[in-house]
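User: I have a two-chain model open and would like to go through it with you. Could we start with the fold and then move to the interface?
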Amino acid sequence: MFQWLSKQKDHHVVVLDKGGIVYKDIVSLDKKIDVVLLPSFYWFVEKKLPIRFAFQAKEYLPSIFESLTTSAKLSYLAIQKEDIFWLFAYDDQDILKALEKENINISNVKKVYFAQNVFNDVAIDLDNNYSLININGILTRIPSTLAANGKKISQISKNNFNLTKGISLKRYKSFIGESFLYKLIIPIILIILLYVVDTAQLLYVNKNLLQQKNEIFSKYNLPNTTFQNKSILMQLKNTYKIQKNLRNFIETIMSAPYGTHGFITLFKINQKSSVLSIKLAKASDVNIFKNYFKQKLTIGNIKSIVVRNSILTVEFNL
Amino acid sequence: MKQFNPLLVLAFIVLVLLFVVSLKYHEETRHSALIEQSQKLEKIAQKIVTLKKTWQNSSFQEKKIQNFLKNISAKHIGFTKHASYDFLDLDFNKTTPSASKYILNTLINQNTRILALDVNKINNSSLSIKIRIAK
């Protein structure tokens with residue numbers, strides 16, 4: 001409540017005519033203000049309309065003001081006064097220009113009001129050789145010489161201003177129509193919503209996938225980390241490779257052309273080396289075995305070859 | 001009079017749209033990466049299981065050795081000095097070179113991890129094999 005009171009206290013009003021400011025209750029205009037526009041800024045019509053509420057007047061307004069002005073970019077306001085409507089037409093850019101001319105920062109303007117709805121007095125002297133006169137219910141700006149002495153505007157308390165039904169000016173001119181903009185924005189928002197829903201769904205699926213991924217190894221009774229399992233796999237692959245090579249080596253040794261050339265008396269394999277002794281049929285058969293091992297051995301290399309008493313002893317590195 | 005430029009509002013909404021689209025793209029990429037990773041890990045796990053079954057299965061190894069011994073003792077005259085699932089000491093009195101070769105081939109083709117092999121006299125109708133395999 002106290003906040004509301006302080007707001008009321010801070011409330012400032014500026015009355016603007018085409019020629020400039022005719023009333024202000026503050027010296028500097030850098031505070032929040034309400035602006036009252038005199039009739040030179042708007043067109044006014046009082047009319048009975050076949051509608052119940054003011055917002056329904058929207059569709060009638062352009063045609064009503066069509067005959068009064070040729071300005072194409074007008075904005076409208078309808079205020080319901082019992083069974084009749086007060087209809088206003090105004091040019092936002094025109095008002096904005098006037099505000100700018102008076103060095104009023106538009107962001108400091110809280111609301112804009114029309115004099116027709118603000119002043120209840122019959123005649124007001126504007127202190128600029130003009131007066132506001134209520135002629136048949138329509139507030140009109142006429143030279144003071146033609147008007148009877150009215151109350152000076154500077155003498156009217158701002159608390160007597162009826163600041164209701166204010167408008168907000170359209171600050172931005174758009175090269176595309178507002179309705180088109182809305183038509184464009186609504187589908188975009190719908191697309192955004194669809195994407196958000198879809199992404200949320202995907203996030204949920206990914207969360208589940210991540211959980212499943214973490215459970216893969218435990219399903220096979222393996223350690224939990226990929227690093228550990230990769231290490232195990234490498235070790236197993238290494239074992240497989242060594243054993244495969246060992247078998248190839250044994251097969252090569254066993255497939256040597258023994259037959260009538262000799263026979264194995266000793267064949268030993270351990271982790272890193274191997275020894276093979278062959279009882280040769282003839283001393284010259286040594287070359288047959290030498291050539292065979294040189295040609296066929298893909299794994300292991302010959303460390304030494306010794307022939308003694310018709311026995312060929314070959315040492316291999318594995 | 002707080003107002004926003006409608007074009008700025010439109011630009012902001014388009015930005016939001018772009019953000020949401022990029023977020024979805026990011027999640028899509030993450031989704032396919034997760035699937036790919038899961039498949040990769042599944043493959044690793046299956047490979048480990050298969051290799052373990054082949055190379056690190058002592059009961060399986062024991063069975064293989066028993067089958068091997070059963071098989072060769074039925075076909076060849078000889079005797080076994082010592083046999084366990086990690087060590088074999090075999091002596092054959094009357095074998096031919098081809099039979100000896102067959103015995104050795106059958107032995108080394110078992111999925112066992114051979115640590116050491118010792119073969120003596122392979123051609124003069126007797127064969128002695130000592131083989132140590134990993135547990």
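User: In chain A, what share of contacts between residues at least 6 apart in sequence join residues at least 24 apart?
Analyst: The share is 56%. Please bear in mind that this is a predicted model.

User: And how many helices and strands are there in chain A?
Analyst: Chain A contains seven helices and 15 strands. It has 318 residues, of which 21% count as buried.

User: Which strands make up the open sheet of four in chain A?
Analyst: The order is β10-β9-β8-β11 in chain A, and the pairing is mixed. β10 (138-143) and β11 (151-152) of chain A are at the edges; each has a single partner strand, so one side of each is left without a neighbour in the sheet.

User: Is the pairing of β8 and β11 in chain A parallel or antiparallel?
Analyst: Strand β8 (residues 123-125) of chain A pairs with β11(A) in the parallel sense, over two bridges. Within β11(A), K151(A) is the bridge partner of I124(A).

User: Changing topic: where is N224(A)?
Analyst: N224(A) is located in the loop between α5 (178-219) and α6 (226-254) of chain A.

User: On to chain B. What is the run of elements from the N terminus?
Analyst: The elements of chain B follow the pattern α-α-β-β-α-β-β, which comes to three helices and four strands. Of its 135 residues, 16% count as buried. Among contacts in chain B with a separation of 6 or more, 48% involve residues 24 or more positions apart.

User: What span does α3(B) have, and which of its residues are buried?
Analyst: α3(B) has 12 residues and reaches 17 Å from its first C-alpha to its last, close to the 16 Å expected at 1.5 Å a residue. Its buried residues are S100(B), I103(B), L104(B), L107(B) and I108(B). They cover an arc of only 120 degrees around the axis, which places them on the same side of α3(B).

User: Which strand of chain A is joined to β3(B)?
Analyst: Strand β12 (residues 262-269) of chain A is joined to β3(B) by four bridges, and the two run antiparallel. F267(A) stands opposite V119(B) in β3(B).

User: Finally, where is confidence lowest and where is it highest in chain B?
Analyst: The lowest mean pLDDT in chain B, 66, belongs to strand β1 (residues 77-83), and the highest, 90, to α1(B). Chain B averages a pLDDT of 80, and 84% of its residues score at least 70. The model scores ipTM 0.73 and pTM 0.55.

Methods:
Residues are numbered from 1 along each chain as its sequence is written. Chains are lettered from A and ligands numbered from 1 in the order in which they are written. This is a predicted model: local features need pLDDT of at least 70, side-chain atom pairs count only at pLDDT 80 or more; totals for chains, interfaces and linings use all residues. A residue is buried if 20 or more other C-beta atoms lie within 10 Å of its own, exposed if 12 or fewer, and partly exposed in between; C-beta atoms are placed from the backbone. Two residues are in contact if their C-beta atoms, placed from the backbone, lie within 7 Å. Two strands pair if DSSP finds at least two bridges between them. pLDDT is the predictor's confidence in each residue, from 0 to 100. The expected span of a helix is 1.5 Å times one less than its number of residues. The arc is that of the directions from the helix axis to the C-beta atoms.
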